Amino acid sequence: MFKSKSSKLALILFLAISMLLAACGKGEKASTGGSSKNALEQIKDKGKIVIGVKYDTRLFGLKNPTSGEVEGFDIDISKELAKAILGDEKKVEFKEVTSKTRIPMLNNGDIDAIVATMTISEERKKEVDFSDVYFMAGQSLLVKKGSPIKGLKDLKKGTKVLAVKGSTSAINIREKAPEATVLEYENYTEAFTALKSGQGDALTTDDAILYGMVDQDPKYQLVGGTFTEEPYGIAVKKGNKELVDAINDALKKMKESGKYDEIKNKWIKTN
């Protein structure tokens, strides 16, 4: 009987100590967690903003083989963001992303934001937070001059349409032209090379990106106009309201000052 009472007393004492330690642990966690900094503060602390951009998208983000620098509309917008947030356009680091890798890289903490011809969609809003629209594009078709394909109606059974993995364009073209065969590539360079080598009949993505391909090779042209609206947004990790607000404020000031139009006219020529 005495041994049984001693065992019960020891068990009660053990449980009481365990609960006390657990309570202390929670208290410490709460006190340290409350001092954690948001994404905007972390960017300011490290003195640079790391932005994911494309290296293969002419006019928006393309690595210059001569200089080794990445250039384009998205690059200049990113530099202006760094200037607005950190006071110096040079305080930006660029990392290459593709349509497939950009959200994983953001959520893994490899980059602070995505500025990479990324269409705002309801599905993507479940994974990331977006800024205001910073560029309005529309999906179109690119074909070789003289092609019998003049628009969506010509994408019939047996027609091969090239697209990029992870893009809204691949999803849209399957809905708009269900009889066509869609072939997906890792990036725009591979897709355009495939079109030029005869592996497909048309290439589809946003018109702004296709204009870059025409600029590269005038033997190709856009046909059929646009059949979607593709509002581009700057993406950040979910819950980073302060960073989204800072980006939106920077975009607003760019547009008010005329800097936005200056950058757009420098890179995007539709004729």
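**Close-up views of a predicted model**

**View 1. Lys255 places its charged end over the ring of Tyr260, 5.2 Å from the ring centre.** A charge counts as over a ring if NZ of Lys or CZ of Arg is within 6 Å of the ring centre and within 35 degrees of the ring normal. The charged end of Lys196 likewise sits over the ring of Phe192, 4.5 Å from its centre. The model is predicted: local features need pLDDT of at least 70, side-chain atom pairs count only at pLDDT 80 or more, and totals for chains, interfaces and linings use all residues. Residues are numbered from 1 along each chain as its sequence is written, and side-chain values use heavy atoms, without hydrogens and water.

**View 2. Phe73 and Tyr260 form an edge-to-face aromatic pair, 5.9 Å centre to centre with 85° between the planes.** Rings of Phe, Tyr and Trp (its six-membered ring) pair if their centres lie within 6.5 Å; planes under 30 degrees apart are stacked, over 60 edge-to-face, the rest tilted. Phe73 belongs to helix H3 and Tyr260 to helix H10 (residues 259-267), 187 residues apart. Phe73 has 0% relative accessibility, so it counts as buried (buried is under 20% relative accessible area, exposed over 50%, partly exposed in between; 1.4 Å probe, protein chains only).

**View 3. Phe60, Phe73, Tyr134, Phe135, Tyr232 and Tyr260 form one aromatic cluster.** Both Phe60 and Tyr232 are buried.

**View 4. Helix H3 is mostly covered, with 11 of its 14 residues buried.** Helices (H or I, at least four residues) and strands (E, at least two) are DSSP runs, numbered from the N terminus. Gly87 follows H3 and has a positive phi, near 85°.
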